[in-house]
Amino acid sequence: MSAATTRSRTPDRLCAEAVDLARAAAEEAAAPGVVGEHTGVVSEGDRVVTHFFECKELGYRGWRWAATVARASRAKIVTLDEVVLLPGPDALLAPEWVPWSERLRPGDMGPGDLLPTDAEDLRLEPGYSGEDEPVPSSAVSADMAELVEAEDAEVTAGTPRNLPAAPLRGSIAAVAEELGMRRARVLSRYGLHVAADRWEKAFGPKTPMAQAAPAACVSCGFLMPIGGSLGQAFGVCANEFSPADGHVVSLAYGCGGHSEAAVMPKPPQPPPPVVDETQVEPFPLRPARDSGSVPAAVADEETAELGHS
């Protein structure tokens, strides 16, 4: 270890004794009554020493006033270098700064707020911008431009919104307007995957509600289908009593409001009656002669002891 290194680690005697000079400089830079007790001395180099004083400022717990003094070689006069407020080992510090784009969370936007989108946002990719030559990823490809003359079509100089008159039917801008593709950027494959992961996390098969559901949404009558590639795995719930009403749900999600989970039973049908009261049965006033269990004897009226009326 060199002598210069040894001298740099040992505080200079005259600079270390200049406590009053350092305190006066700290009190001049701070508000009255803020500079506290002297807490230590640190050697910054040859004949350069920093004095630390306790900071009594509210909200600066653990911070210290640092007054650095120095002297020239072979000089006996100590001069002031600088005074700053520095955090100590146990200082209360603000959290690490995070860009707003990383601090933003779903639901933070309110009425009137504007959320700018980065030009290099991975969730988006170029769409039809209205130029003469559509971008390669656009549905209006270069093949349509080759059919302009054959189909008597017309290529406009800009988007329909920026044109003085509506484009004629058959132009690229008109076709894009009709198909709903007049957007500068559309969702990229990464943007689709991010949205699908977010929706499946909120209303997917691994949620506690879906785990206890009697059936999945794919067989529910309240499921509204959506278009596009995401329609193969998601839909919109239209059951007002479901916790996912109005939300995009996974086809594997489910809840107790499934349309076929608890179907009301049909009213029971009464059995056929034992006595049919809807028909008329003939009933004779007098019994027939042969209705008894003993056959009736044929008697001659003349030989009968008692006549019969």
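The backbone oxygen of Gly-204 lies 2.9 Å from a polar atom of the Thr-207 side chain, a polar contact in the sense of N or O atoms within 3.5 Å, where within protein one atom must be able to donate a hydrogen and the other to accept it, and residues adjacent in sequence count only if both atoms are side-chain atoms. A word on the source before going on: this is a predicted model, in which local features need pLDDT of at least 70 and side-chain atom pairs count only at pLDDT 80 or more, while totals for chains, interfaces and linings use all residues. Residues are numbered from 1 along each chain as its sequence is written, and side-chain values use heavy atoms, with hydrogens and water left out.

**Around Thr-207**

- Thr-207 sits in the loop between H7 and helix H8 (208-211); helices (H or I, at least four residues) and strands (E, at least two) are DSSP runs, numbered from the N terminus.
- With a relative accessible area of 11%, Thr-207 is buried; buried means under 20% relative accessible area, exposed over 50%, and partly exposed in between (1.4 Å probe, protein chains only).
- Apart from neighbours within four places in sequence, Thr-207 is in contact with Lys-201, Ala-202 and Tyr-253, contact meaning heavy atoms within 4.5 Å.

**Gly-191 in helix H7**

- Gly-191 belongs to helix H7 (residues 189-202), and its 4% relative accessibility makes it count as buried.
- Beyond its neighbours within four places in sequence, Gly-191 is in contact with Leu-122 and Arg-123.
- Between Gly-191 and Leu-122 there are 6.8 Å in space, C-alpha to C-alpha, although the two are 69 residues apart in sequence.

**The four-stranded sheet**

- An open sheet is formed by 4 strands in the order S1-S2-S3-S4, with antiparallel pairing; two strands pair if DSSP finds at least two bridges between them.
- Strand S1 (35-45) and strand S4 (79-87) stand at the edges with a single partner strand each, so one side of each has no neighbour in the sheet.
- On average, neighbouring strands of this sheet are turned by 25 degrees against each other, direction ignored; axes are lines fitted to C-alpha atoms, for helices over the stretch in contact, and angles run from 0 to 180 degrees between N-to-C directions.
- S1 and S2 run antiparallel and are joined by 7 bridges, with Gly-40 standing opposite Phe-52 in S2.
- The hairpin of S1 and S2 has 2 residues between the strands, and Arg-47 in the turn has a positive phi of about 60 degrees.
- Strand S2 (residues 48-55) also pairs with strand S3 (residues 63-70), in the antiparallel sense over 7 bridges; in S3, Arg-64 is the bridge partner of Glu-54, and Ala-67 that of His-51.
- S2 is largely enclosed by the rest of the structure, because 6 of its 8 residues are buried.

**Helix H3 against the sheet**

- Helix H3 (residues 19-29) packs on the sheet and touches S1, S2, S3 and S4, its direction making about 115 degrees with that of S1.
- Ala-22, Ala-25 and Ala-26 are the buried residues of H3.
- Seen down the H3 axis, these buried residues fall within an arc of 100 degrees, so they line one face of the helix; the arc is that of the directions from the helix axis to the C-beta atoms.
- Their cover includes S1, S2, S3 and S4, whereas the H3 face turned away from the buried side carries the exposed residues Asp-20 and Glu-28.
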